[in-house]
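Here is a brief report on a single protein chain.

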Amino acid sequence: TVILIGHVKVKLTNSPLVDPYDSFVVDLQDRAAALLYRWVDAALFAGRKPTTKKIEGKFQSVTTHAIGGDRSILFTSPRAGIPAGGRGVYGRLPGELPLEWVAYADAIAAASNK
C-alpha cells in the first residue's frame with residue numbers, strides 16, 4: 001500500500017446550484033492537484049467529526065455552532081467541502097470510518113467481497 005499524506009487549504013467553491021461555500025482542497029498548484037487526483041485510486045480525508053451545540057439567543061432565536069470534534073474520522077466519499085472518493089473497491093467503502101488502520105483494512109476486505 002502506498003499512502004501519500006498531504007495538507008489542505010481552504011478555497012471558496014462557487015456552484016451554480018447552491019450558494020458559495022468553503023471547501024478543503026489539496027495544497028498543491030491546481031494542475032498538479034488534478035494530476036494527483038487522476039493518478040490515485042482513493043483520495044481520503046482525515047479529520048475530526050464536528051460536534052454542534054444549539055445556543056439560544058435573544059428573542060427566541062436559536063443558532064447552531066460547531067464546538068469541535070471528539071473523534072477522528074476517515075472520510076471516504078465526497079461531500080460538500082471535503083475532497084474524498086475512490087474508484088473500484090475504494091468507491092464501495094462506507095462514507096466514514098474510524099481513523100484506525102484496522103477499520104480501514106477491514107472495510108477494504110469487506111468491499112472486495114461484494
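## An exposed tryptophan and its patch

W39 is found in helix α1. Helices (H or I, at least four residues) and strands (E, at least two) are DSSP runs, numbered from the N terminus. The model is predicted, so local features need pLDDT of at least 70 and side-chain atom pairs count only at pLDDT 80 or more, while totals for chains, interfaces and linings use all residues. Residues are numbered from 1 along each chain as its sequence is written, and side-chain values use heavy atoms, with hydrogens and water left out.

W39 counts as exposed because its relative accessibility is 58%. The classes are buried (under 20% relative accessible area), exposed (over 50%) and partly exposed (in between), with a 1.4 Å probe and protein chains only.

Together with V2 and L4, W39 forms a nonpolar patch on the surface. The three have about 400 Å² of accessible area together. Accessible areas come from the Shrake-Rupley method with a 1.4 Å probe; for residues, only the protein chains shown count as cover. Patches are made of residues with over 30% relative accessible area and no salt bridge; like charges are joined within 9 Å, and nonpolar side chains (Val, Leu, Ile, Met, Phe, Trp, Tyr) within 5 Å.

## Salt bridges

Side chains of opposite charge can pair when their charged atoms come close. How many salt bridges does the structure hold? The structure holds three. A salt bridge here is a side-chain nitrogen of Lys or Arg within 4 Å of a carboxyl oxygen of Asp or Glu.

| Salt bridge | N to O distance |
|---|---|
| K11 and D30 | 3.8 Å |
| R87 and D41 | 3.4 Å |
| E96 and R79 | 3.0 Å |

Take K11 and D30, a salt bridge with its closest N and O atoms 3.8 Å apart. K11 lies in strand β1 (residues 8-13) and D30 in helix α1, so this pair ties together parts that are 19 residues apart in sequence. K11 is partly exposed, at 38% relative accessible area.

Next come R87 and D41, whose side chains meet in a salt bridge. This pair links distant parts of the chain: R87 sits in the loop between β6 (85-86) and β7 (96-98), and D41 in the loop between α1 and β3. R87 and D41 are 46 residues apart in sequence, yet their C-alpha atoms are 5.7 Å apart in space. R87 counts as partly exposed at 41% relative accessibility. D41 is also partly exposed, at 44%.

The side chains of E96 and R79 meet in a salt bridge too. E96 lies in strand β7 and R79 in the loop between β5 (62-75) and β6, so the pair ties together parts 17 residues apart in sequence. E96 counts as partly exposed at 27% relative accessibility. R79 is partly exposed at 33%.

## The largest pocket

Rolling a probe the size of a water molecule over the atoms shows where empty space is left. The largest pocket has a volume of about 1,000 Å³. On a 1 Å grid over the protein atoms alone, a pocket is an open set of points where a 1.4 Å probe fits, with protein on both sides within 12 Å along at least five of seven lines; lining residues have an atom within 4 Å of a point. Grid points are joined across faces, edges and corners, and a volume is the space filled by probe spheres set on the points.

Which residues lie nearest the centre of the largest pocket? They are I3, L4, A42, A43 and L44, out of 29 lining residues. The elements that give two or more residues to this lining are α1 (30-39), β3 (42-43), β4 (45-56) and α2 (101-112). The largest share, four residues, comes from α2.

The lining divides into 24 nonpolar, three polar and two charged residues. Ala, Val, Leu, Ile, Met, Phe, Trp, Tyr, Cys and Pro count as nonpolar, Asp, Glu, Lys and Arg as charged, and the others, Gly among them, as polar.

## Buried and exposed positions

Is I73 buried or exposed? I73 counts as buried, at 2% relative accessibility. I73 lies in strand β5.

Y37 is found in helix α1 and is partly exposed at 34% relative accessibility. The C-alpha atoms of Y37 and G86, 49 residues apart along the chain, are separated by 9.5 Å.

P78 is placed in the loop between β5 and β6. P78 is exposed, with 62% relative accessible area.
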